Amino acid sequence: MSRAGGTWVGARVPRNEDARLLTGRAQFVEDVEPPGALHAAFVRSDLPAGRLRGLDVERARAHPGVHAVFTAADLGPLLRPGAVLVPPPPLEGLVFHARTALPLVRERIRHQGEALAMIVADSRYVAEDAAQLVEADIEPLDPVVDLGRALDEDAPRIHDDLPSNLAAYVRQAKGDYAAARARADLVLERRFSYDRGIGGAIENRAVVAEWDARADRLQVWDTTQAPIPVRNVVAAALGLSESQVRFIAPFVGGGFGPKIMFYAEEILVPWASIRLGRPVKWVEDRYENFFATTQERGQLHEAEISVTREGRILGVRDIFIHDSGAYDPYGLTIPINTQCTLLGPYRVPNYESEFRVAFTNKPIVTPVRGAGRQHGVFIMERLLDLAARGLGLDPVEIRRRNVIDSDEFPYNHEIMYQDFAPLRYDSGSYEESLEEAVRLVGHETFPRERERAQPDGRVVGVGVVNYVEGTGIGPYEGARITVEPGGTVRLATGVGTQGQGHFTSFAQIVADAIGVQPSDVRVVTGDTSDFHWGTGTFASRGAVVAGNAIHAAAQSVREKILRHAAKALEVDPEDLELADGAARVRGAPDLSVDLGALALSANPLRGAVEPGTEPGLEATSYFGPPYGTTANGTHAVVVAVDPETAMVEILRYIVVHDCGTVINPTIVEGQIHGGVAAGIGNAFYEELVFDEFGGTSNASFMDYLLPTSTDVPPIETAHLETPSTLNPLGTKGVGEGGAIPVAAAFAQAVEDALADIAPGLEILDIPLSPGRLFELLRGAS
C-alpha cells in the first residue's frame with residue numbers, strides 16, 4: 001500500500017475513520033444524550049432592526065415541562081459583549097471599530113435571528129412550544145440593507161455610539177500606481193459585486209453541556225472547529241479554571257469556517273447546565289442556521305488595471321466595500337484576504353488597495369470556505385480577461401506574460417497579510433500549473449471544438465484561471481505521540497476534524513517515522529482532556545501546522561525507540577531500522593524487538609530513571625510557522641450554454657494544484673472535489689435574498705439552492721509538488737483552493753461560449769444565476 005520509496009506519506013491509504021462513519025458508530029454531538037438531559041430552544045427576532053421595549057415570558061415559564069426561561073435580565077455578569085476573536089494587524093492608518101453582540105438582546109436588535117430569550121424544557125418540542133408563548137414588544141427601526149448605501153451620511157445608525165456605519169478602513173499600497181497608470185497603453189475600470197452565501201454544512205451547530213457538581217467539573221460537547229480557544233473563553237466567563245472544563249469536538253459534519261466562531265450558545269448552554277444542575281442540549285435547526293450562524297461574502301469593488309500594449313501588468317487599483325453584518329467579531333480577516341489574494345501569482349509592481357467595512361442589519365460575516373480569497377481572485381482574473389479582450393490577446397497568453405517565474409521565489413508582495421506578516425510566497429509552480437491545465441483542457445485546439453455546433457443548439461466555451469491560496473498560518477499547534485505497551489500508537493492533537501481525513505493523514509506521518517501501519521495509529525483530535533494547547537482547524541492549516549508538530553513528535557519518539565532498542569539488542573542505533581511494528585537489525589531481521597516490549601521496558605518498575613531521560617516512548621512537540629505557506633493552482637472549465645434559457649452545464653472541470661508535499665492523494669482530491677462543488681454553488685446557485693426590510697426571503701433549502709450531485713461534473717485533477725520551504729514536511733494547505741477560483745473560471749467560460757452571440761457581454765457579478773445571465777444576454781443583444 002505504500003508508494004514507491006517505501007513511505008506512507010504520499011500513499012493512497014484508505015481512510016481510518018470511514019469504518020466508523022459508514023457503520024454509524026461515529027459520534028456526533030446529536031448522538032450525545034446524557035441521562036436526565038434537558039433541551040434548549042431560543043426565541044429569536046424576526047425583525048433585523050428594532051428596539052426591544054419589553055419581553056413577556058410568564059406564559060412560557062408556566063408552560064408544563066419548562067424548567068427555565070432566561071432573558072438578558074437573568075444573565076448577570078454574563079451580559080457583556082463578546083471578545084474580538086481575531087484583532088486586525090497593526091497597519092498604518094488603520095481604523096477599526098470593534099462591536100460584538102451580547103449573549104441575549106437587552107435592548108437593540110441588529111439582525112434577524114438575534115436571540116431574545118433561552119428556554120430550557122424537558123424536550124425540544126416543549127421548548128419550541130413555549131417559545132411561541134413569548135411576547136416581544138419591538139419597535140421597528142429602519143434597516144440598513146443595501147451595502148452600497150450603508151455608509152451614506154443619512155443611513156440609519158446600527159451602533160448609536162458611532163458617527164456612521166463605518167466598521168473599519170484599511171489602505172495598503174506598493175509602488176506608485178498613479179505614475180504607472182499615466183504611462184499605460186490601456187486602462188480598464190469596472191465595478192464588480194460578489195454577494196452573500198452560507199456555509200451550508202450538513203450538520204448544524206450543536207452544544208451539550210453537563211455540570212458535575214461533585215467533581216466540580218464541566219464537560220461540553222460542541223460542533224466547533226476550535227475546541228481549545230472556546231474552552232478557554234467559556235472557563236473564563238464562568239469563573240472556572242481551564243482544567244475544570246473539558247471540551248470535546250467529536251466528529252463534526254462539516255465546518256467550512258463558521259464553526260471557528262465563538263457563539264453565545266456555547267456559553268449559555270453550559271451556564272444553564274450549572275444553573276439548573278442538569279445536562280442541557282441544544283441543536284440548531286436548519287431555519288435558525290440561516291440567521292444564527294455566520295455567513296460570508298458581500299463586497300462591492302471599483303477596480304482598474306493598467307497594462308502595456310503587450311499585456312504586461314503595470315499596476316492595479318481596487319477600492320471596495322465589505323459587508324460585516326451587524327457586528328465584527330472576526331476582525332478584518334476576510335477583507336484583508338481579499339486585498340492580498342487579488343495579487344495572485346502575478347507580478348504587480350504597483351498596487352493600490354483600500355477597503356471600508358460597513359455595518360449592516362444582516363447576520364454576522366466571518367470566514368466561509370475561501371474566506372474572501374475568492375473575491376480577490378475574481379477581481380484580478382476578470383480584469384485580466386477584459387484586458388486581454390481589449391488588447392486582442394488570448395486570455396491564456398496574458399497570464400503567461402505576467403506569472404511569477406520559478407526563480408523569483410521567495411517573492412515578497414510588500415503588503416501585510418492576515419497573519420501579521422508580509423505577504424511572501426515561499427515557493428510555487430505557477431508557470432507549470434498553467435501550462436498543464438492548458439494542455440489537459442486542450443485549449444490550443446478549442447476554437448475548432450467551438451465551431452462544432454451542439455446538437456441541441458447550445459454553444460460551448462472554455463475558461464482558464466490561476467490562483468494563489470495563503471495557507472498554514474500560525475500561531476502554532478502541538479501533538480503528543482505515545483507507544484503503548486500493547487504496541488499500538490496513540491496520537492493526540494488539539495485540532496478538531498470536520499471531514500478532512502485527519503485520522504488518516506496524521507497517522508501516515510507517524511507511521512513513516514516509527515515503522516508501523518497507519519491503521520495501527522489511534523488518532524484523537526479535538527478533546528481538551530487529551531491535548532489542551534493549540535488554536536484550531538481553519539485557514540487550510542491542519543497538514544501544515546498540526547502535521548509538522550506531529551512530524552516533530554514522531555521523530556522524537558523514533559529517537560527514543562532506537563535508543564532503547566539499541567540497548568536491548570546491544571547494537572548501535574545506526575544499525576537499526578523500524579518496520580512492521582518492531583526495531584530490527586539491518587540485514588538480520590530475526591534480531592528484533594517489537595514496540596510493545598520496548599514500551600514496557602521504557603517504564604522500569606525497578607531502579608531509577610537515568611538522568612537526562614524520561615520514562616515511556618512518548619513525546620510532545622509544537623510547530624509554528626514564521627508566516628503562511630502559499631499553495632497555488634490553475635482551474636480550467638468547459639461549459640455549454642443554452643442561449644434560449646440561459647442554463648449552463650459544466651462539461652469538464654480540471655484542477656491542477658500544488659499543495660507542496662502530498663500526504664494522501666485521495667484525501668487531497670476529495671478536498672479539491674468538495675471545494676469545487678462549493679465554488680460551483682457560489683458561482684451559479686447560491687444567493688441569499690434580502691427584502692427591503694432586511695429579512696431573508698429564501699431561508700430554506702427549498703429556496704436557497706445548493707448544487708447537487710447532478711450539478712457537479714467529474715473533476716479531473718493533476719498533482720504538482722513544490723515543497724514549502726517553511727516546514728520540514730514541505731506541506732501546504734489544500735482545503736480551500738478548490739473553491740477559490742471557480743467563479744472566475746465559470747465567468748470566463750460563459751463569456752467565451754457566448755462571444756459570437758453576445759460579443760459585448762461582461763460578467764461582473766457573482767452569483768450568476770440563470771435569471772441574471774438571461775438579463776445580461778438580453779442587454780448585450
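**Figure 1. Contact between helices α5 and α6.** Val230, Val234 and Ala237 of α5 meet Glu266, Ile267 and Pro270 of α6, where contact means heavy atoms within 4.5 Å. The residues of this contact comprise 5 nonpolar, no polar and 1 charged; Ala, Val, Leu, Ile, Met, Phe, Trp, Tyr, Cys and Pro count as nonpolar, Asp, Glu, Lys and Arg as charged, and the others, Gly among them, as polar. The model is predicted: local features need pLDDT of at least 70 and side-chain atom pairs pLDDT 80 or more, while totals for chains, interfaces and linings use all residues. Residues are numbered from 1 along each chain as its sequence is written, and side-chain values use heavy atoms, with hydrogens and water left out.

**Figure 2. Crossing of helices α16 and α17.** Helix α16 (residues 665–685) packs against helix α17 (residues 742–753) at about 55 degrees, the axes lying 8 Å apart. Helices are DSSP runs (H or I, at least four residues) numbered from the N terminus; axes are lines fitted to C-alpha atoms over the stretch in contact, and angles run from 0 to 180 degrees between N-to-C directions. The two helices are therefore oblique to each other, the class left when angles under 35 degrees count as roughly parallel, over 145 as roughly antiparallel and 65 to 115 as roughly perpendicular. Val676, Gly679, Ile680, Ala683 and Phe684 of α16 touch Val742, Ala743 and Phe746 of α17. This contact comprises 7 nonpolar residues, 1 polar and no charged.
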